[in-house]
Amino acid sequence: MSTQNGPRKAEAIFAATLELLAENGYDKLAIEAVAARSGVNKTTLYRWWPSKDALLAATLRDSGLFALDVPDTGSLRGDLLAVATQILRLLTSEHTSPAVVATLTAGPRRPELGEVARSFFADRMTREEPIFERATARGELRAGVDPVLVMDLLAGAIWFRLLLRGGEAGPQFLEEAVDTVLAGAA
């Protein structure tokens with residue numbers, strides 16, 4: 001990250017933010033602790049991010065941990081399984097899960113985080129659109145299927161299983177979720 005887009009030690013700051021979030025939870029996350037952990041003066045943090053919501057938003061948006069690798073496996077099913085696996089990783093990795101869960105649950109109470117979550121998922125959807133364009137061209141997807149709805153159904157099934165039901169979402173669950181969504185969209 002260049003200094004035009006953030007401080008020189010942005011990745012260290014993001015790493016400290018994620019570590020402290022995992023250790024202490026969102027409510028106890030403090031800019032001062034992030035500054036101490038990352039070796040950056042707290043005034044630098046406040047210059048770039050005036051609140052912990054802004055800092056967490058930047059971490060979600062700009063940290064390499066949340067990058068999406070758009071798959072091209074040659075089939076819609078394979079691509080959706082690969083994306084579902086990435087979603088599962090985001091929701092279960094000790095490095096990303098606390099930030100993702102805090103952001104997903106904060107929307108109604110924290111407008112800044114809610115807006116970042118909406119922007120983050122809109123960007124991911126834009127990057128996932130080629131999956132659906134290729135599938136339509138191959139005849140795997142009927143014309144007019146809404147890719148956003150397909151991803152909402154797939155991601156929603158994973159989030160619901162993990163975050164609300166407290167269940168497991170291993171490879172078999174991912175395959176069943178993808179197959180169920182595809183049965184309705186094919």
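Analyst: Let's begin with E140, which has a relative accessibility of 26% and counts as partly exposed. Buried means under 20% relative accessible area, exposed means over 50%, and partly exposed lies in between (1.4 Å probe, protein chains only). This is a predicted model, where local features need pLDDT of at least 70 and side-chain atom pairs count only at pLDDT 80 or more, while totals for chains, interfaces and linings use all residues. Residues are numbered from 1 along each chain as its sequence is written, and side-chain values use heavy atoms, leaving out hydrogens and water.

User: Which residue does E140 meet in a salt bridge?

Analyst: A salt bridge is a side-chain nitrogen of Lys or Arg within 4 Å of a carboxyl oxygen of Asp or Glu. Here the partner of E140 is R138, at 2.5 Å from N to O. R138 is partly exposed as well, at 33%.

User: How many salt bridges does the structure hold?

Analyst: It holds eight. One of them joins the side chains of R77 and E175, at 3.5 Å from N to O. This pair links distant parts of the chain, 98 residues apart: R77 sits in helix α5 (residues 76–92) and E175 in helix α9 (residues 171–185). Helices are DSSP runs (H or I, at least four residues), numbered from the N terminus. R77 is partly exposed at 31%, and so is E175 at 38%.

User: Which residues are linked in a network of salt bridges?

Analyst: E19, E23 and R37 are. Within that group, E23 and R37 meet at 2.9 Å, N to O. E23 belongs to helix α1 (residues 10–24) and R37 to helix α2 (residues 31–38), 14 residues apart.

Key: Helices (H or I, at least four residues) and strands (E, at least two) are DSSP runs, numbered from the N terminus.
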